[in-house]
Amino acid sequence: MNTENVTKEESLDPEDWQLMRNLGHRMVDDMLTYLETVRDRHVWQPVPNEVKAFFRQPLPMEAQGAEHTYRDFLQYVLPHPMGNIHPRFWGWVIGTGTPLGMLADMLAAGMNPNVGGADHVANYVESQVLHWCKQMLAYPDEASGLLVSGGSMANLVGLTVARNTKAEFDLRQDGIYASDRKMTLYGSTETHSSVQKAVELLGLGGSAFRQVPVDKDFQIDLPELESTIARDRRGGCQPFCAVGNAGTVNTGAIDDLEALARICQRENMWFHVDGAFGALAGLSLELRPLVAGMEKADSLAFDLHKWMYMPYEVGCALVRHEEAHRKAFALTPDYLTHADRGLAGGKIWFSDYGVQLSRGFRALKVWMSIKEHGVQKYAKLIEQNVDQARYLAMLVEDAADLQLLAPVPLNIVCFRFIADRYDNDTLNEVNKELLIRLHESGIAAPSYTSINGNYALRVAITNHRSRRDDFELLVEEVVRLGNTLLDDARFCRRSPG
Ligand SMILES: *Cc1c(COP(=O)(O)O)cnc(C)c1O
């Protein structure tokens with residue numbers, strides 16, 4: 001062998017492990033301090049222009065090293081967060097994460113298994129977590145499931161199984177082209193956009209999703225649903241699925257899931273429940289009756305990164321019929337053949353149950369978090385968030401210049417600032433400006449929605465760090481900002497008279 005031609009072989013491991021160890025210890029310390037002091041900082045601030053400019057740097061061809069790279073992180077990344085770990089973040093439906101969840105993600109990345117299949121422990125951890133999820137939500141233990149990126153993917157998985165199972169032909173082989181009858185599905189107008197997205201991805205066409213009106217409590221109007229199904233049948237469609245909402249994104253409304261289960265049974269339709277956050281109300285004895293019927297779903301989608309407060313990303317899809325679930329996704333070319341023994345053995349191949357082949361070890365943070373706190377603690381926190389929502393609703397109703405815009409069945413409060421001198425259009429503009437100023441003040445971060453055409457400040461509480469006085473401060477600030485805007489020339493001229 002000609003030794004002169006042998007080049008030095010490279011690796012990405014550190015040359016000096018002690019330096020890396022020191023750096024790692026500092027990172028852990030820095031991040032724990034960061035979490036410990038989160039309340040002292042602004043919820044959110046706009047990303048400064050010089051920081052935006054920093055992220056237009058050219059592609060690094062040469063090494064700058066771990067130490068220097070970490071300094072860049074501390075300077076340019078860490079100080080400019082979304083804000084969702086802050087006690088006064090209540091925008092959209094966004095979770096907060098936990099310290100142990102953060103550390104668990106580090107451990108998972110250190111082991112770095114591919115949880116698509118093969119015989120190794122991560123698959124057993126995920127199976128354990130899925131059993132726990134089923135138990136938590138009183139879902140049948142024979143059901144199959146998998147952890148996914150979030151509710152959107154969980155809805156896609158559930159609706160894929162629904163479509164393939166209810167198709168009157170071999171959908172995987174022949175595609176949706178083979179249908180004689182348009183396959184239609186049903187959900188309320190309050191259903192989350194991810195369902196529409198799934199329907200589009202499944203090739204059914206957005207028009208296949210019949211959006212049924214809601215009643216005054218934002219629950220699906222059942223007589224309207226039944227007459228829409230009947231009309232579609234007469235028109236030659238194949239109604240194949242209904243989506244029930246356990247917690248709508250706008251107001252937290254929960255459809256009558258028992259009734260939906262009955263209708264699906266009678267109509268030979270698949271019953272899918274989108275319980276992204278609301279399903280977790282099932283953990284609480286007090287709140288469980290609200291989601292009764294959820295356990296009858298053929299498929300159930302929910303998130304662990306929202307109301308279980310786990311770090312992004314992790315959601316869960318459960319399917320009552322294991323065989324139908326596997327038939328929708330399993331595809332085993334030679335190079336993925338499962339063996340009886342050896343590394344390619346094992347009975348658990350999650351890649352047979354979803355879209356992803358390579359999958360991360362998201363199960364570890366779920367497993368560790370549930371063990372750390374116990375399920376009762378999560379139940380208490382969920383009840384605490386619901387109590388906080390009721391408390392905020394009460395504060396709003398007690399304030400002369402605030403108006404509650406929707407019922408508060410769960411953890412979402414929609415309200416607005418009002419003043420006699422304004423017409424509705426002006427009120428919408430005032431509240432829009434008010435929300436922006438609230439965000440820019442860094443004091444609190446609700447989000448926005450539209451309730452019956454009214455611009456609503458929307459507070460969704462999936463935050464284990466919020467306290468009652470945070471909501472008192474929110475109300476004070478909204479009233480203060482609203483009154484400041486009363487003097488704003490932009491809004492002064494327009495009044496109903
Ligand atoms: C958040 C949400 C989703 C989507 O879940 P992701 O985790 O964001 O993908 C679906 N449905 C409802 C009701 C939601 O609140």
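How many salt bridges does the count between domain 1 and domain 2 give? I looked, and the count is one salt bridge (a side-chain nitrogen of Lys or Arg within 4 Å of a carboxyl oxygen of Asp or Glu).

**Ground rules.** I am reading a predicted model, where local features need pLDDT of at least 70, side-chain atom pairs count only at pLDDT 80 or more, and totals for chains, interfaces and linings use all residues. Residues are numbered from 1 along each chain as its sequence is written, and side-chain values use heavy atoms, with hydrogens and water left out.

**Domains.** I noted domain 1 as 14-44 + 81-98 + 374-497 and domain 2 as 113-373. These bounds come from an automatic or database domain assignment. Their C-alpha centres lie 30 Å apart.

**Interface.** I found 33 residues of domain 1 in contact (heavy atoms within 4.5 Å) with 35 residues of domain 2. The buried area (accessible area, 1.4 Å probe, that two parts lose on being put together, summed over both) is about 2700 Å². Carbon and sulfur atoms give 66% of this area. In domain 1, Tyr378, Ile382 and Leu410 lose the most area to domain 2. Together they make up 26% of what that side buries.

**Salt bridge.** I then looked up a pair: Arg390 forms a salt bridge with Glu286. Their closest N and O atoms are 3.5 Å apart.

**Elements.** Helix 13 gives the most, with 10 residues.

How values were computed: Helix = DSSP H or I, 4+ residues; strand = E, 2+ residues; numbered from the N terminus.
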